[in-house]
Amino acid sequence: MTLKSLKNFPNKLFFIFILFTNSAKADWFALNMTRGVTDISNEVFELHMLIFWICVAIGVVVFSVMFYSMYAHTKKKNPVAATFHENTKIEIAWTIIPFLILIAMAIPASKTLVSIYDDEAGDVNIQVTGYQWKWQYRYLEDDISFFANPATDLDEIYNLVPKGENYLQEVDEMVLIPVGKKIRFLITANDVIHSWWMPAFAIKQDAIPGFVNTAWTIVDKPGIYRGKCTELCGKNHGFMPIVVKVVEQDEYDEWVGEKKEAAFKMAELTTKDWSVEELVSRGEDVYALNCVACHQTAGQGIPGIFPALAGSDIALNNKARHIEILMEGVQGAAMNSFDYLSEVELAAVITYTRQAWGNAESGDGEIVIPKDIVDYKKPKI
Amino acid sequence: MSAVIENHHEDHHHGPAKGLSRWLYTTNHKDIGTLYLWFSFAMFLIGGAMAMVIRAELFQPGMQIIEPEFYNQMITLHGLIMIFGGVMPAFVGLANWLVPMMIGAPDMALPRMNNLSFWILPFAFFILLSSLFMEGGAPNFGWTFYAPLSTTYAPPSVTFFIFSVHIMGASSIMGAINIVVTIMNMRAPGVGLMKMPLFVWSWLITAYLLIAVMPVLAGAVTMMLMDIHFGTSFFNAAGGGDPVLFQHIFWFFGHPEVYIMILPAFGIVSHIIETFSRKQLFGYASMVWAMLSIAILSFVVWAHHMFTVGLPLAAELFFMWATMLIAVPTGVKVFNWIATMFRGSITFETPMLFAIAFVVLFTMGGFSGLMLAITPADFQYHDTYFVVAHFHYVLVPGAIFSIMAAVYYWIPKWTGNMYDERLGKLHFWLSFIGVNVTFFPQHFIGLAGMPRRVPDYALQFADWNMVSSVGAFLFGLSQVFFLFIVIKTVMGGKKATDQVWEGARGLEWTVASPAPYHTFTTPPKID
């Protein structure tokens, strides 16, 4: 038990109390796979139940014979054992019958599998990229791109406040898709292997750096659907939810319009005159979303794994290298390129880390403005 | 060689050396078997303690006891220690004790290598466990150590992990070679291949599997080492490498590995069911053929662990069908065990209780395995608690119950003392209840959508996780009780007869209890 969690012990007792009084929220009846909301997910559910009942039937037959013999053929009831020890006919039978049952299972399973495999382009094509520990979505036709960050508060995770209904299943920005349209997901990753799982669509595809996997779906029922990352991807693997909102076409179109406008405004910000305070305040938010998981809240990092930023020589005195690390990443280390952030976000977060935790006082205190990033991106001669 | 032993037989009958040197320098198969068994028991308790930490953290939603980084280290070490430190050395220990006595041989064929293959193991696990105290912590990428999480993104201790896996691999390969050479060359006259006890058969096949796949594992970790320290890019996409290649190599080792952990159990359970049913094993030849076909099939099903990595349709279909095929020989084995019990004259001593629980619960693990083989359904099951429930059903009430059954069954022969039957039965029932309360609800939470390897979970999974944790604590405590029973039996107890069990067959029951330090220095006569 860490010191921090000891200090919170009274809160924990309070939490345990809440958990027990509030247990209607938890679910004793969450026992089975759900049907989901697509044709494929229904097919998969039927297949799952079919195999399940076949297994139950085999189990009942086989174990009845076994339990019967445990009951009827004890030493007390049957002092002298029979002497048979082989029977060719029955041995052939119990090799061939299971084989036939397996064929009966394999036929519907293969059919479903073939229908899942379809590489045709969709009406909407979304590139999904896994990062440690968030998902990025790019709408290929509309040039929209955003990150869906986990939105559950740390205080909920550390039991300081009661947990919300969608604990660990909420993000700051949902993926919107239109109802009834064929959506194709192109799934990849930026750092380690992740896996994009949406149970309601029966989609689970690994997100692998250097590969693009595809999956598709057509959802006929508007609603909010929740899933999770299902491949161990490091420290916060358990905190990497996926939320998809399925909406009517006009609501979708409206949303696309808003996103495009927001992107335009963001681009305008690049040319604005920025004060240190504005950059630091914006940078603090960027830091909280992108950096804090490894470099920690006070910039202290985790010794041996993630280097400290507070008091780091680069953050104190080497502005050029600081920009370069964020743009290019560090070869052979967990630090990846963050060039997918906007110029404003990059300038703000670099300025923030050069100003916070006493770095400004111990170092040169130089700030970075969006133009510096634009200059860095210009082709070098 | 045997001529030399016979010349000195009368005037040179020595017992074990005294003190620590007996265990350090021993080349005696019984001593080395004992070392292996105690070592695996120690690892079982350490790996079990880690499981307790995991289940304590998962008792409730939210982070309570440990941090996510440490949680990942726990799941990684729990898996590695249970597989390479618990189950595998326990089976090697049983093979050391039993194979020479079962085939009427005086010892293992390569006794000095036998000593070496045991004594490098403690160092491997010392290195692995010491990584807990290194800067950056122990390996935290799961026992399957998928690249690039285990290469570019790994803590510095990964290098020690690689070294320790190499040592474990060398130990396993030497142990396996020793067993193959012993079985092929040292059977007493008259013990033909198709007359060998099934435990010997199961180990002969297991040893070949080990020789075939441990070098593949060594190759995988060596490629990791190159990627980490020598600038290669086997698994690094940015350098033109392929992260999926790692998974193909790993599972080409990994799938035969799961059969390495279950085939010896098949052998053990066959002996125990036969003994306590007082009836000859049904279908001996088909048992041997079933094990051989399972072993061969194990090389062509590896990608069923990788259904979601984006394989082409043809590969998914092939690996689905091949995997389903394994159900046929496995079914044959279960039917044979039941046919052996049928119209037998059954008693329910502790080994038999464990063996019967093995048949029932292993079969349930087999059913969930069949469900996992169905590729479209696997898209929903993959990497959820349903998989955790499945492989724990085949490994805990599967492999580990068979090891416990074996200990109760043969410990009178090893120590000369009977274990306390009342305590043994109590241990069985506590373990049986504990294992089911722990792992059965994990099917539910997996199907309901809880991923594996997460330190925290959404609220709808809270109830069954709490039940599972309670079961785990019960199971954990009952194994401390098991330790007590074993020590009590070693210290004393009712004297065992040579035959020990009324229905027992086989050469090991023809020697005295406890088995003398040297047995079968002259080969037994087989009719």
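Colleague: Which domains does the assignment give for chain A?

Modeller: Keeping in mind that this is a predicted model, the assignment divides chain A into domain 1 (39-116), domain 2 (124-266) and domain 3 (271-377). Taken over C-alpha atoms, the centres of domain 1 and domain 3 of chain A are separated by 61 Å.

Colleague: How should I read the open sheet of chain A, and what is its strand order?

Modeller: In general, the strands of a sheet pair through backbone hydrogen bonds, in either a parallel or an antiparallel sense. Here the open sheet has 5 strands in the order β4-β10-β9-β6-β7 (chain A), and the pairing is mixed. Since β4 (175-178) and β7 (203-207) of chain A stand at the edges with a single partner strand each, one side of each is left without a neighbour in the sheet. From one strand to the next, the twist averages 25°.

Colleague: Which pairings run parallel and which antiparallel?

Modeller: β4(A) and β10(A) run parallel and are joined by 4 bridges, with A:Val175 standing opposite A:Val244 in β10(A). Strand β9 (residues 223-229) of chain A, in contrast, runs antiparallel to β10(A), the two being joined by 6 bridges, and A:Ile224 has A:Lys245 of β10(A) as its bridge partner. Strand β6 (residues 194-198) of chain A also pairs with β7(A) in the antiparallel sense, over 5 bridges, and there A:Lys204 in β7(A) is the bridge partner of A:Trp197.

Colleague: What packs on this sheet, and how many residues of β10(A) are buried?

Modeller: Helix α6 (residues 249-269) of chain A packs on the sheet, where it touches β4 and β10 (241-247) of chain A, and its direction makes about 135° with that of β4(A). Of the 7 residues of β10(A), 5 are buried, and the strand is thus mostly covered.

Colleague: Turning to the nonpolar cores, which residues touch the most other members of the largest one?

Modeller: They are B:Val269, B:Phe358 and B:Ala405, in a core of 246 residues. Beyond its neighbours within four places in sequence, B:Phe358 is in contact with residues including B:Ala265, B:Pro397 and B:Phe401. Another core, of 19 residues, lies apart from the largest one and has A:Leu279 and A:Ile369 among its members.

Colleague: Finally, how many residues of the two chains are in contact?

Modeller: The size of an interface is often given as the accessible area lost when the parts come together. Counted by residues instead, 84 of chain B are in contact with 88 of chain A. On the side of chain B that touches chain A, α13(B) gives the largest share, 8 residues, and the residues of that side divide into 50 nonpolar, 23 polar and 11 charged.

Conventions:
Residues are numbered from 1 along each chain as its sequence is written. Chains are lettered from A and ligands numbered from 1 in the order in which they are written. This is a predicted model: local features need pLDDT of at least 70, side-chain atom pairs count only at pLDDT 80 or more; totals for chains, interfaces and linings use all residues. Two residues are in contact if their C-beta atoms, placed from the backbone, lie within 7 Å. Ala, Val, Leu, Ile, Met, Phe, Trp, Tyr, Cys and Pro count as nonpolar, Asp, Glu, Lys and Arg as charged, and the others, Gly among them, as polar. Domain bounds come from an automatic or database domain assignment. A nonpolar core is a set of buried Ala, Val, Leu, Ile, Met, Phe, Trp, Tyr and Cys residues joined through C-beta atoms within 7 Å. A residue is buried if 20 or more other C-beta atoms lie within 10 Å of its own, exposed if 12 or fewer, and partly exposed in between; C-beta atoms are placed from the backbone. Two strands pair if DSSP finds at least two bridges between them. Axes are lines fitted to C-alpha atoms, for helices over the stretch in contact, and angles run from 0 to 180 degrees between N-to-C directions.
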